[in-house]
Amino acid sequence: MVGTMEETSRRIPGYFKNKGILITGATGFLGKILVEKILRVQPDVKRIYLPVRAPDAASAKKRLETEVIGKELFGRLRETHGKGFQSFIEEKVIPLAGDIIHENLGVEEPQLSQMTQELNVIVNGAATTNFYERYDVALDVNVMGVKHICQLAKQCPNLEVVLHVSTAYVVGEKQGVIQERAFKQGETLRETEAELDIDAELRLASDYQRQVAGDDAEQKNERKAMKELGLARAREFGWPNTYVFTKALGEMTLARELAGVGVPGVIVRPSIITSVQKEPLPGWIEGTRTIDAILIGYAKQSLSCFLADLQLTMDVIPGDMVVNAMMAATVAHASTAAAAPADQKKKTPPAPPPTVYHATSSLRNPAPYAVLYRTGIRYFSEHPRVGKDGRAVRTRKVHFFGTVAGFTAYMVLRYRLPLELLRLLSLLCCGLLFSRLYAELDRKYRFVMRLVDLYGPFALFKGIFDDANMERLRIAMPVADRVEFNFDPKTVDWDDYFYKIHIPGVMKYVLN
């Protein structure tokens, strides 16, 4: 559980002074926020190592400058350091041409030796978040990547903590209150005769990939086959998609591989991550989050209906709050074992199972989907988008269905029957007009169905994430840190946040 009061009472910025930190996934949304926050609150951090996929060191540096440091998110830090910003970054941030799918992340000597000697903290934020990723690719990143991180941890004599970013939805489609509990090895979400064995899944994916590739299949067919395998394996054991299934396997891998290392493991499980609420840039966001696909479809008026119960809770948490929680958990669990004499290190007992933290809001400050809908209508009514003809796009209401049966019936009447009629008219009359109408309606139909296929399970999710560990962590923090590193969802006014911060942020940074 959370460390002693003496440990947690240390100010968070003070802990990171002279620390060596490895952060994977730095080119992702959370990774950027974490790197910026550490550099901003503790400029005396020793070094931050950032592995990025690149063929060489020069390419890694260029990618880091373009995709991380060069982002608007770093504007405040850039203003603080002025002309010395670039030299500050070059001194503190070390780009690595590497990838977690390789042993030692692909980092070679002598850089590997220097890094392992300096590392005090490892944060694994790298992941493939594609719900229907190829099974072999998802396993490589979300499972083998975790194993490689843990193997690297064993080579770091001064390491104090390993923090792994997962997702709250590793619990599948559970209902009711969901505890902050680590998975047991081989645990499944539904009863099945098949035994869940991580190594067996890795072999299965590898063998199947060789089989479909060996049949001289086209690349597209191979990709489809590997995606279908991942989905089939996930549902076999009770998970709804490949992403959350392999993230669960990654958590199991972390617990197994760290068991004999003697270094504390921490798992942070965010729910749906939304834009920065406060610092350093309110509304800043990258990529299309789960609920943002709905917002964008609504803004473009290409979304006329959706499968969602507006009274159900959408569990959302701003990205800066997730990072604040990650930093607080890192400090709370950092071990003092690395500073012990060599003869005492040999006697260090195995680390306990990783502590799980839910970075969520559904228990203590739930926001129903109705909040998103009403703030969306209000925002787009008061800030209408302008169409290609220069006229304001009229805001139309969206039909929401709280059941699969109701949604399916609507889609048949609204789309499938008209599509069949247009298809017949096009064939009988050879009409170009009917063909165009068919293509346009079919495009809208496929767009809605794709969104529902991807995000529908979240919209009907009936679980509530307990965050008792997170609350104990917050209470144990010094008062000053509770303000500077706030992650209390009760401090968020959701109507105000969505209307004034999140929706404008999505329009500016995602939809441009």
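Contact here means heavy atoms within 4.5 Å. The structure is a predicted model.

Leaving aside neighbours within four places in sequence, phenylalanine 245 is in contact with Tyr135, Leu196, Arg233, Ala234, Phe237 and Trp239. Asparagine 142 lies 103 residues from phenylalanine 245 in sequence. In space, the two are 9.5 Å apart, C-alpha to C-alpha.

Phenylalanine 245 also takes part in the meeting of two helices, α8 and α11. Helix α8 covers residues 135-153, and helix α11 covers residues 242-258. Their axes come within 9 Å and cross at roughly 20 degrees. Angles under 35 degrees count as roughly parallel. The helices α8 and α11 are therefore roughly parallel to each other. The crossing in which α8 passes α11 is right-handed. On the α8 side, the contact is made by Tyr135, Ala138, Leu139, Asn142, Val143, Val146, Lys147 and Cys150. Among the residues they meet in α11 are Tyr243, Phe245, Leu249, Gly250 and Leu254. By class, the contact of α8 with α11 has eleven nonpolar, five polar and three charged residues.

Glutamate 201 itself has its place in helix α9, residues 198-214. With 2% relative accessibility, glutamate 201 counts as buried.

Tryptophan 239 is a contact of phenylalanine 245. Not counting residues up to four places away in sequence, tryptophan 239 touches Phe245, Leu196 and Ala234, as well as others including Val170, Phe183, Leu189 and Met252. Nonpolar side chains tend to be buried together in soluble globular proteins. In this model, the largest nonpolar core has 138 residues. Leu39 and Trp239 touch the most other members of that core. Helix α13, residues 319-333, gives the most to this core, with ten residues. Another core lies apart from it and has 27 residues, among them Ile122, Leu152, Val162 and Ile267.

Burial is also seen in helix α12. Ten of the ten residues of α12 are buried, so this helix is largely enclosed by the rest of the structure. The buried residues include Thr290, Ile291, Asp292, Ala293 and Tyr298. Aspartate 292 lies in this helix, which covers residues 290-299. Its relative accessibility is 0%, so aspartate 292 counts as buried. Leaving aside neighbours within four places in sequence, aspartate 292 is in contact with Ile285, His502 and Val506. Aspartate 292 and histidine 502 are 210 residues apart in sequence. Their C-alpha atoms are 9.4 Å apart in space.

A further pair of helices is α15, residues 369-382, and α20, residues 494-510. These helices pack at an angle of about 60 degrees, with their axes 9 Å apart. The helices α15 and α20 are therefore oblique to each other. Their crossing is right-handed. From α15, the contact includes Val371, Leu372, Arg374, Tyr379 and Phe380. From α20, the contact includes Trp494, Asp495, Phe498, Ile503 and Met507. The residues of the contact of α15 with α20 divide into ten nonpolar, two polar and four charged.

Notes:
Residues numbered from 1 in each chain as written. Predicted model: local features only at pLDDT ≥ 70, side-chain atom pairs only at ≥ 80, totals over all residues. Heavy atoms only, no water. Axes fitted to C-alpha atoms, helices over the stretch in contact; angles between N-to-C directions. Helix = DSSP H or I, 4+ residues; strand = E, 2+ residues; numbered from the N terminus. Parallel < 35°, antiparallel > 145°, perpendicular 65-115°, else oblique. Left-handed = near helix turned anticlockwise from the far one by under 90°. Nonpolar A, V, L, I, M, F, W, Y, C, P; charged D, E, K, R; others polar. Core = buried A, V, L, I, M, F, W, Y, C linked by side-chain atoms within 4.5 Å. Buried < 20%, exposed > 50% of the residue type's maximum accessible area, 1.4 Å probe, protein only.
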